[in-house]
Amino acid sequence: MYTAHEVLIRPDDPALCERITDALASDGWIVLPRAVSAEATAALAAEIRQQFAAGEFHRAGVGKSGQLQVVNEVRGDHVNWLEPDSAAPLQRTWLDWLQQLGSKLNRNLFLGLQEFEGHAAIYPPGSFYKKHLDQFRGTSERSITTILYLNQDWQQQDGGQLRLYLDDDCHEYCDIQPEAGTLVVFLAARFYHEVLTAQRERIALTGWFKRRALS
Ligand code: OGA
Ligand code: MN
């Protein structure tokens with residue numbers, strides 16, 4: 001087993017935060033292959049698989065908290081929420097880096113981000129997540145989506161691509177391979193997206209920077 005001291009999860013490119021800030025201001029989205037080293041993503045995946053085997057995951061729901069429902073036709077992933085006080089060591093270091101990113105985004109883009117929520121997600125073979133927006137209708141809480149993929153040697157035929165729709169009519173899209181180390185960041189209110197059916201187990205760390213709830 002790795003410990004946080006052996007493998008520090010620190011995205012390799014020191015200018016990563018600036019690249020993300022610039023991209024969010026111009027296009028509203030960015031895909032960064034190899035943002036995190038192969039060693040670190042392998043260690044993160046091992047940590048997450050161990051938690052899954054220990055029964056720490058549950059089926060992901062659909063809808064606002066309080067009204068969550070498991071709907072197989074919409075999404076088939078299992079999730080484990082990251083709690084800052086009790087997150088496993090490697091995931092904790094990922095949360096720490098995201099916190100730095102959040103401060104930079106606030107400083108440079110004046111987004112008023114106040115909180116972060118995130119989870120590890122495991123899609124078993126055959127599962128998907130249908131087209132959706134991460135911002136629930138009528139709320140502006142989830143402001144920015146971040147996804148780090150942890151799947152080594154992902155092949156085209158493994159499916160499981162993130163299909164990010166680039167226009168409001170969802171005619172134009174970009175398919176993103178969930179390859180280990182790829183980091184995707186986008187404005188949560190703007191981009192519909194879906195996870196195509198994965199043919200093998202697919203692991204990601206997904207999270208949202210949030211503005212404070214209005215009610
Ligand atoms: C989500 C989501 C995309 C992915 O969890 O809301 O859209 O590629 N995930 O895992
Ligand atoms: Mn989503």
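Modeller: Let us begin with burial: a residue is called buried under 20% relative accessible area, exposed over 50%, and partly exposed in between, with a 1.4 Å probe and protein chains only. This is a predicted model, in which local features need pLDDT of at least 70 and side-chain atom pairs count only at pLDDT 80 or more, while totals for chains, interfaces and linings use all residues. Residues are numbered from 1 along each chain as its sequence is written, chains are lettered from A and ligands numbered from 1 in the order in which they are written, and side-chain values use heavy atoms, with hydrogens and water left out.

Colleague: Is Gln-161, then, buried or exposed?

Modeller: Gln-161 counts as buried because its relative accessible area is 4%, and its place is in the loop between strand 6 and strand 7 (162–165), where strands (E, at least two residues) and helices (H or I, at least four) are DSSP runs numbered from the N terminus. Contact means heavy atoms within 4.5 Å; leaving aside neighbours within four places in sequence, Gln-161 has contacts that include Asp-175, Pro-178, Glu-194 and Arg-202.

Colleague: With which side chain does the side chain of Gln-161 make a polar contact?

Modeller: A polar contact is a pair of N or O atoms within 3.5 Å; within protein, one must be able to donate a hydrogen and the other to accept it, and residues adjacent in sequence count only if both atoms are side-chain atoms. The partner of Gln-161 is the side chain of Gln-177, at 2.7 Å.

Colleague: Which side chains place an N or O atom beside an oxygen atom of ligand 1?

Modeller: For Asp-134 the distance to a ligand 1 oxygen is 3.2 Å, for His-193 it is 2.9 Å, and a polar side-chain atom of Tyr-149 lies 2.5 Å from an oxygen of ligand 1. Taken alone, ligand 1 exposes 290 Å², of which the protein buries 99%, the areas coming from the Shrake-Rupley method with a 1.4 Å probe. Strand 11 gives the largest share of the shell, three residues.

Colleague: And how many residues does the largest nonpolar core have?

Modeller: Such a core is a set of buried Ala, Val, Leu, Ile, Met, Phe, Trp, Tyr and Cys residues joined through side-chain atoms within 4.5 Å. The largest has 46 residues, and Trp-97 and Leu-205 are among those with the most contacts inside it; helix 3 (residues 89–109) gives the most to this core, with seven residues. Apart from it lies another core of six residues, including Ala-60 and Val-195.
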